[in-house]
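Thanks for coming, everyone. Let me put the sequence and the structure up on the screen.

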Amino acid sequence: MLVVAAAALTGCGSSDDSGNKDPLKGDTAKAGTVVVGSNNFPESILLADIYGEALKSKGIKVSYKLNIGSRETTYGLIKNGTITVLPEYNGALLAYLDGKAAPASTEETNQAISAKLDPKLSLLESSEAQDKDAVALNEATAEKYGLTEKSTIGDLADVAKDLVLGGSPEFQTRQQGMKGLKSVYGLDFKSFKALDAGGPLTVAALKGNSIQAADLFTTDPGIDKNKFVVLQDPKGLFGFQNVTPLTYKSALPAAGVSVLNDISAKLDTATLVKLNSEVQDGNKDPLDVAKNWLASAKLG
């Protein structure tokens with residue numbers, strides 16, 4: 001998986017200003033350079049570009065390590081200082097740090113994270129924008145079982161045994177994944193197909209019916225485009241998922257903290273869906289999309 005993640009860097013919108021093309025190399029940043037990282041899916045890369053370009057606008061030297069991999073990899077890299085800033089989703093980060101936590105609000109989520117977070121790290125202000133994991137069905141499967149956007153994940157209890165579920169490899173082992181679908185909703189799927197994190201492989205497999213259910217992200221413009229049906233999560237398995245900057249404290253100057261918090265204050269879910277659509281449907285470079293939004297929001 002690490003080899004694949006490293007190889008996937010080709011074609012990313014941003015480049016590493018330091019010339020280091022290996023995002024998994026465990027070296028710490030050069031003095032005075034803020035390293036912005038991302039996980040291995042398009043929205044994370046877009047958010048990293050937004051953070052990085054905003055930091056540059058404040059005179060901060062920035063380099064990028066994009067498309068690294070899953071949280072299981074990136075958390076270790078930010079903890080050891082290889083990455084300085086990482087776009088995170090607070091609920092998913094908390095589930096990684098404490099699988100038993102069950103916060104009732106964004107504020108409780110962030111408080112619980114702070115209690116578990118490595119002391120070298122800091123969670124900044126959360127944005128209104130949320131992007132949750134979701135169980136989605138293709139149109140044919142939803143019609144076959146009479147399920148709609150008002151149906152719940154629990155409504156799959158009797159039919160999951162006939163369905164192949166697809167998603168990222170790590171979705172198999174996460175509480176906010178197959179473990180939780182079993183323990184919270186009692187679902188046992190026919191099988192699991194390891195694909196990508198809500199990316200084109202998963203979307204294509206769901207559209208082509210090689211899988212009938214998938215873990216997708218709620219801001220994915222492909223959901224409406226392909227008439228996928230997203231099931232409700234009344235038991236809150238996927239929690240609160242506010243976009244939130246995670247930072248390696250000692251390497252980020254105060255001006256950087258301030259501009260990242262300013263981004264969070266202006267970023268909402270509707271904006272995130274629109275920006276994702278520009279990248280994924282409009283085939284625009286995420287770096288260009290990031291620069292244009294920052295200019296429109298008077299942040300860059």
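I will go through strands and sheets, then salt bridges, then aromatic rings. One caution before we start: this is a predicted model.

Start with E1 and E2. E1 covers residues 33–37, and five bridges join it to E2. The two strands run parallel. For a reference point, take Val35: its bridge partner in E2 is Ser63. Now, how much of strand E2 is covered? Most of it: E2 spans residues 61–65, and four of its five residues are buried.

What links these strands? Helix H2, residues 42–57, which makes a β-α-β unit with E1 and E2. The unit is right-handed.

Next, the open sheet. It has five strands, in the order E7-E6-E8-E5-E9. The pairing is mixed. Look at the edges. E7, residues 191–194, stands at one, and E9, residues 229–230, at the other. Each has a single partner strand, so one side of each has no neighbour in the sheet.

Stay with E7. Strand E6, residues 164–167, pairs with E7 over four bridges, in the parallel sense. Within that pairing, Val164 has Ser191 of E7 as its bridge partner. What packs on this sheet? Helix H8, residues 200–208. H8 touches E5, E6 and E8. The direction of H8 makes about 140 degrees with that of E8.

On to charges. How many salt bridges does the structure hold? Nine. I will take a few of them.

Lys56 is partly exposed, at 33%.

Next, Lys161 and Asp162. Their closest N and O atoms are 4.0 Å apart, and they form a salt bridge. Lys161 counts as exposed, with 53% relative accessibility. Asp162 counts as partly exposed, with 40%.

Now a pair that reaches further along the chain. Asp281 forms a salt bridge with Lys225, with closest N and O atoms 3.9 Å apart. Asp281 lies in the loop between helices H11 and H12, and Lys225 lies in H9, so the pair ties together parts 56 residues apart in sequence. Asp281 is partly exposed, with a relative accessible area of 36%. Lys225 is exposed, at 60%. There is also a network: salt bridges with shared partners join Lys274, Glu278 and Lys284.

Last topic, aromatic rings. The count comes to four aromatic pairs. One to look at is Phe41 with Phe217. Their ring centres are 5.0 Å apart. Why is this pair called tilted? The planes stand at 45 degrees, so the pair is tilted. Phe41 sits in the loop between E1 and H2, while Phe217 is in strand E8. That puts them 176 residues apart, and the pair links distant parts of the chain. Are these two residues buried or exposed? Both Phe41 and Phe217 are buried.

E1 and H2 are part of the right-handed β-α-β unit. E8 is one of the strands of the open sheet. That is my tour.

Notes: Residues numbered from 1 in each chain as written. Predicted model: local features only at pLDDT ≥ 70, side-chain atom pairs only at ≥ 80, totals over all residues. Heavy atoms only, no water. Buried < 20%, exposed > 50% of the residue type's maximum accessible area, 1.4 Å probe, protein only. Pairing = 2+ DSSP bridges. Right-handed = clockwise from strand over helix to strand, strands pointing away. Contact = heavy atoms within 4.5 Å. Axes fitted to C-alpha atoms, helices over the stretch in contact; angles between N-to-C directions. Salt bridge = Lys/Arg side-chain N within 4 Å of Asp/Glu carboxyl O. Phe/Tyr/Trp six-rings, centres within 6.5 Å; stacked < 30°, edge-to-face > 60°.
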